[in-house]
Amino acid sequence: MLQYVLRRLAYSVIVLFVASFLVFTFVAKTGDPLAALRLNPRISEQSVENIKERKHLDDSVFVRYGYWVNDAFTNGFGTTVLGDRPILPDLWRVMKHTLQLVIIAELLAILIAVGIGVYSALRQYSVFDYTATTFSFMGLALPVFWFALMLQVGVVYLKDWTGYNIFPIASLSSVDPGTGIHFWIDRAHHLVLPVIVLMIASIATYSRFMRASMLEVVNSDYVRTARAKGLTEKRVTMKHAFRNALIPLVTLVAINFGALLGGAIATEFVFSLDGMGLYYISALNQNDPYPVMAWLMVTATLIILFNLIADIAYGYLDPRVRYD
Amino acid sequence: MRKRSLLLLAGAAAIVASLVVGPAATAGPDRVSAGTVVFIHDQEPPNLRPNWVDNSLYATALVDNSIFLGGQIRDNNANWVTRLFTGPPKLLKKSPQTVQFTFSPKANWSDGTPVTCADWRATWQIWINPANNPASRTGYEDIKSVTCKGKTGVIVFKKVYAAWDALVNSGVWPAKYTAGKDANKLWEDSIPVSSGPWKFQSWQKGTQITVVKNPKYTIAPMKLDRVVFRYIADTNARFQAMKAGEGQAMEPQAQLQIADFQKDKNFVVKAVAGYSYEHVDIQFGPKGAAPLKAPYVRQALITGINRPQIASALYQTIAPGLPTLQSNIFKSFEKGYVKHYARYPFNQTKVISILKGKGCTGGPDKPSAGNDKIFSCPGVGKLSFRFSTTAGNQLRALTFEVIQRQLKSVGIELVPRFQPAGLLFGTTLPSSDWDLIMFTWVEDPTSKITSRDKLGCGGDINYGNYCNKKASALLDKTAQELDDATRTKLLNQSEAMMAKDIPSIPMFVRPVFTIAAKKLKGLTTPTTLEGDFWNVNTWSVS
């Protein structure tokens, strides 16, 4: 097991290294962080030169990559090209916000999806099953940005109708969020719409997985045996079928969670949530390779980590899996 | 099992509580204090260091202009309004150019110390220090000396600097707080003092900046308790947040959503022509298409584009009556504006006759929407041009489609080269490897003084490589001319010559919009980058 984990981590380092170099090259070659300055006829050439020199912008991409690697390990990913702003504190801040959003959305999605999936499997081809299937496909097909916008429009209509703004449209907190419990209530209130948006696709995916997995298990020999032994239906379902049906879902959730920590880009952008996704988009718009690289490294590491966790969890839950 | 049920119940209760209590705890605009205005903006400043090379953003100016207040500021019509000075600065001598200014006895920093000439001199020294990175040293680097006597200062220039009034009127930084500090690191996350109507209070990164009334500012104090700048990146979300009452004012880009607000009785929408203008530059250099060097081809191009129709098609709904711009130097609302390019009215039949008259062949005999024949002209070849502009901008895409269709119907082909802004402005534009390029010049009332940079031979931003030596010599003179009337005359003489060459096709001045909740009084739409808050002293919310 330990050998397997170490081997996977060693591969991951190589993957991260190659990915970082490729992305750095693409970002550095396709955009110029000083582009906006060139449109200003009065911009001080000396100031631009100072930045170029400080950030080694005239050096080859290999040299710049070398500086970046050094910064990444010794200086918390360094600073932005424009603004000379330390990257790590900003990244840490947005990551915490994304974590809040993703954890709430994923927990709720799992709870709801598992319920829907299990009930659909146990009542296969019932009205509930068909309804759940229809809504799942709708959930999978809904473009996130469109759905988010529709929710915002809906809230505005509701406000016009009732005079009451039930959910905030944008941002993570109010103008005066307060402190302590008031702050967290305000935060939860602001996360309602984004969580709904993020949950929909997850519920659709997880519930289909759960249904399929549950159907496979309830029709298997050992469940029939359990019933034949005279166990109650509740015990058969919960102890024997449900636990085993959860195994594929655990891996899926782990992988999805890792990917979402990189930022639910569309959701965060539409709701202007100060998270990883919005941070990434802003950095790309500014053609600044350094925050883009920092984002990439954190995201890639998390994805690799959660993939590894998924594999380990799978082996732990299903004793048939061996790490040879 | 009971424990699990209790946990589930508690979770559900927490969610319900957040929905019920949340709205009450939310400081929406209806619940915040009556003296608060929430201003919705798209871009959050990277720091609070204004006019620095890494931060010459309008978003920063909006916050900082009322903290580092100028001696005089621009009103919504670009006229000077006295603030920290006792009156307009005086031009004492033309040679060497010598200027005098005096800060008002009422001009104080929020910590109680007076704003003096020493602050002006310290700001000048910061700007000319080669280790510092201000966005522009223009003007400051032309100053020979600043002599201070309390609140009065005398500036002597090394050489004539025509835009001296804008320079002298600029906001100053507090000498007390900048002495001995690395200016490249100043005002990173906060500003400790203010000379203007508000002072910095807090910055919730990624969400909002809050400024509050500065009680030590008595020249034109604001009635409001505070202004909160809320940053919402997504265009639609900004409009929806405004509609939902999460903000009282915004200054949106030209978007069709503005039309919704025009119909809504809860909002006031205003639009004025600004100093930024849309244009199509023509490449005269070796990397440009050969036909563009022929004057008759450039004449055919401008005559084949229905510029009034384009401005109308783009802005009819949200800014009706937007005029076609007929100058590359003056804006249509400015004193001295002459319609130099009005000599090229839209006339498709004339385009064909111009081209045929010069021996071009292969094109249509008469304008036709379905035409696919392209002219080829003697010695220069086919009239097919690369048309570069920014990707992802709907209004530009529409403008291109209209221009492409109009020119195609007279036998001129445009091939789109849409690129992300970073690539277009960072690589393509300065490389001069394009035929036609459409973008916006963001200008201000003093930009015309430095028109030589844009249109003069070898000008710093003359990426089209256009050169008319006589016109260029006149532009050089304007940069040294201190008299407004003479300068206007010189600029118009120069542009009259250039209009015959058509170095660039002016399209229209971009409108500036403001949307305000009806209960907010006092907001005007700014023509210049001084921004909406020049008269924040008159703002109030009912």
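Predicted model: local features only at pLDDT ≥ 70, side-chain atom pairs only at ≥ 80, totals over all residues.
Reader: OK, chain A. How many helices and strands?

Author: Chain A has 13 helices and zero strands. Helices (H or I, at least four residues) and strands (E, at least two) are DSSP runs, numbered from the N terminus.

Reader: And what box do its C-alpha atoms fill?

Author: Roughly 85 × 65 × 35 Å, taken along the principal axes. Of the 324 residues in chain A, 51% are buried. Buried means under 20% relative accessible area, exposed over 50%, and partly exposed in between, with a 1.4 Å probe and protein chains only.

Reader: Pick a helix. Which residues of helix 12 in chain A are buried?

Author: Helix 12 (residues 276-285) has M276(A), G277(A), L278(A), Y279(A), Y280(A) and A283(A) buried. These pack against helix 5 (87-122), helix 11 (265-270) and helix 13 (289-317) of chain A. After helix 12 comes N287(A), with a positive phi near 55°.

Reader: Where is the largest nonpolar core?

Author: That core holds 167 residues, and L355(B), F385(B) and I412(B) touch the most other members. Helix 8 (residues 180-218) of chain A gives the largest share, 14 residues. A nonpolar core is a set of buried Ala, Val, Leu, Ile, Met, Phe, Trp, Tyr and Cys residues joined through side-chain atoms within 4.5 Å.

Reader: What does F385(B) contact, beyond its neighbours within four places in sequence?

Author: Its contacts include A289(B), P291(B), L301(B), I412(B) and D435(B). Contact means heavy atoms within 4.5 Å. Apart from this core lies another, of 66 residues, among them Y140(B), L167(B), W173(B) and V227(B).

Reader: Switching to sheets. In what order do the strands of the four-strand open sheet in chain B come?

Author: The order is 4-5-7-6, with antiparallel pairing. Strand 4 (90-94) and strand 6 (143-149) are at the edges with a single partner strand each, so one side of each has no neighbour in the sheet. Neighbouring strands are turned by 15° against each other on average, direction ignored.

Reader: How many bridges between strand 5 and strand 7?

Author: Five, joining strand 5 (residues 97-102) and strand 7 (residues 152-157) of chain B in the antiparallel sense. Two strands pair if DSSP finds at least two bridges between them. F101(B) has G153(B) in strand 7 as its bridge partner.

Reader: Which helix lies across those strands?

Author: Helix 3 (residues 117-128) of chain B lies across strand 5, strand 6 and strand 7, at about 155° to strand 6. Axes are lines fitted to C-alpha atoms, for helices over the stretch in contact, and angles run from 0 to 180 degrees between N-to-C directions.

Reader: Now rings. How many aromatic pairs over all chains?

Author: The count is 41. Rings of Phe, Tyr and Trp (its six-membered ring) pair if their centres lie within 6.5 Å; planes under 30 degrees apart count as stacked, over 60 as edge-to-face and the rest as tilted.

Reader: Why is the pair F85(B) and F103(B) edge-to-face?

Author: Their planes stand at 65°, with the centres 5.1 Å apart, so the pair is edge-to-face. F85(B) and F103(B) are both buried.

Reader: What about F239(B) and F261(B), stacked or tilted?

Author: Tilted, at 5.7 Å centre to centre and 45° between the planes. F239(B) is in helix 6 (residues 235-243) and F261(B) in helix 7 (residues 258-263) of chain B, 22 residues apart.

Reader: Which residue lies over the face of F261(B)?

Author: K243(B), at 5.1 Å from the ring centre. A charge sits over a ring if NZ of Lys or CZ of Arg is within 6 Å of the ring centre and within 35 degrees of the ring normal. In chain A, the charged end of K55(A) sits over the ring of Y290(A), 5.2 Å from its centre.

Note on methods:
Residues numbered from 1 in each chain as written. Chains lettered and ligands numbered in written order. Heavy atoms only, no water.
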